[in-house]
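Let's take a friendly walk through the aromatic rings of this model. Have the viewer ready and follow along.

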Amino acid sequence: MKTVITSSGKTTDSDFDKRFGRADFFCVFDNETNETSFIENIHKDSSNAAGTKAAEVMVELGVSKVISGDFGPKAKTMLEKFDIQMVIIQGDGVKINDLIKKLS
Amino acid sequence: MRYKIAIASGKGGTGKTSVALHIFNLLQNRKANVELFDFDVEEPNDLIFFPNAKKIKETIVNQKIPVFIEQECTFCGKCVEFCEFNAISLIPSVKYISVDTSLCHSCGACTHACNYDAVSETKMQIGTITSYSNGNNSITEGRLKIGSAMQTMVIKELKKYIDTNSTAKIQIFDSPPGTSCSVVETIINTHYVVLVAEPTPFGLHDLKLMVKLIKKLELSYGVVINKAGLGNNDIYEFIKAEQIEMLGEIPFSTELSKLYSAGDMFNNIPIEILNAYENITKVLIAKFQALC
């Protein structure tokens with residue numbers, strides 16, 4: 001099962017990014033193979049619909065769960081439509097590593 | 001010759017509607033062939049002050065929205081590439097395509113982009129244009145539907161409506177506030193812009209923005225200082241330094257505010273305020289006559 005964690009960098013020691021549509025990177029973690037990969041969010045600076053575009057990327061990646069700080073209404077609608085679970089983490093100072101450990 | 005006068009301001013709440021209505025009313029009293037147009041489509045309020053005006057015509061304003069024909073669509077993504085507003089969602093792996101109507105600007109680029117005839121169009125209402133009769137003259141307002149963000153489109157339609165429907169010699173455009181697209185669309189191609197400003201630091205700041213815009217659009221303009229007596233003299237120094245035409249000053253009056261709040265715009269107006277509006281109206285009539 002693939003999970004996306006929004007990330008501010010492209011390594012596992014990067015900070016968790018609390019933004020979904022405007023996150024710098026998406027960390028894709030597969031808990032069956034324990035593999036992680038990072039995808040740059042090309043829509044992070046778009047003037048509108050960044051959340052929708054990010055949600056489209058999630059569907060294309062075939063992930064079942066997304067972890068971020070919050071989700072806007074348009075992203076939420078799209079993710080719900082494709083049955084992708086949204087997990088919200090509000091705390092500060094969280095690293096990508098910490099979240100991967102919890103998922104493994 | 002149709003003489004178009006726009007009443008605009010950078011800052012909101014400076015008195016555009018008051019000035020527009022008083023000029024309209026004074027021109028009506030002089031039996032001028034005048035019509036008032038409320039271009040503040042997000043919150044039109046001119047008609048509140050004419051409780052006896054009768055609705056004579058209502059036109060629906062529509063926006064074109066693309067409809068994707070899924071049997072024809074190859075999910076190539078060319079329409080998404082063309083869409084400047086990110087309004088199209090396309091997920092090829094699950095054969096999903098949809099449009100977010102709140103982002104669509106009806107530019108037609110997706111229809112143009114598609115090589116497979118997979119895009120047709122449908123209409124979606126974004127507002128209304130309504131004309132009211134007020135004795136010999138009429139008042140027309142554009143009204144944006146709540147939830148739509150296509151102000152400029154309603155304004156453009158109102159302008160087209162005026163060109164085909166209005167025979168008034170003097171056309172007064174009550175503009176939306178600010179200096180954004182909707183204001184540009186309202187004041188562009190008018191013969192004269194009356195800028196309403198208040199003598200406060202905020203009023204001066206936004207007047208400067210407005211003057212910058214008007215210079216770019218190369219329009220004739222002058223300033224009415226409303227609520228004179230408030231704030232400070234900085235605005236007068238700016239007007240003098242920039243050699244801007246001063247149309248008049250409306251003294252600040254709590255009495256007038258009370259009347260306005262009660263919806264009573266034209267009765268019991270303090271004489272000094274009425275005189276100020278009379279003078280402004282005379283100047284505008286002279287400008288109109290000079291052109292005809």
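A charge sits over a ring if NZ of Lys or CZ of Arg is within 6 Å of the ring centre and within 35 degrees of the ring normal. You can see this at B:Lys11, whose charged end sits over the ring of B:Phe202, 5.1 Å from its centre.

Before going on, please note that this is a predicted model, where local features need pLDDT of at least 70, side-chain atom pairs count only at pLDDT 80 or more, and totals for chains, interfaces and linings use all residues. Residues are numbered from 1 along each chain as its sequence is written, and side-chain values use heavy atoms, with hydrogens and water left out.

Over all chains, the structure holds nine aromatic pairs (rings of Phe, Tyr and Trp, the latter by its six-membered ring, with centres within 6.5 Å; planes under 30 degrees apart are stacked, over 60 edge-to-face, the rest tilted). One of them joins B:Phe37 and B:Phe173 edge-to-face, at 5.8 Å centre to centre and 90° between the planes. B:Phe37 belongs to strand β2 (residues 34-38) of chain B and B:Phe173 to strand β8 (residues 170-174) of chain B, so the pair ties together parts 136 residues apart in sequence (strands are DSSP runs of E, at least two residues, and helices runs of H or I, at least four, numbered from the N terminus). B:Phe37 is buried, at 0% relative accessible area, and B:Phe173 is buried at 1% (buried means under 20%, exposed over 50%, partly exposed in between, with a 1.4 Å probe and protein chains only).

The rings of B:Phe50 and B:Phe266 have centres 5.5 Å apart and planes at 45°, so this pair is tilted. B:Phe50 is buried at 6%, whereas B:Phe266 is partly exposed at 21%.

Methods. Chains lettered and ligands numbered in written order.
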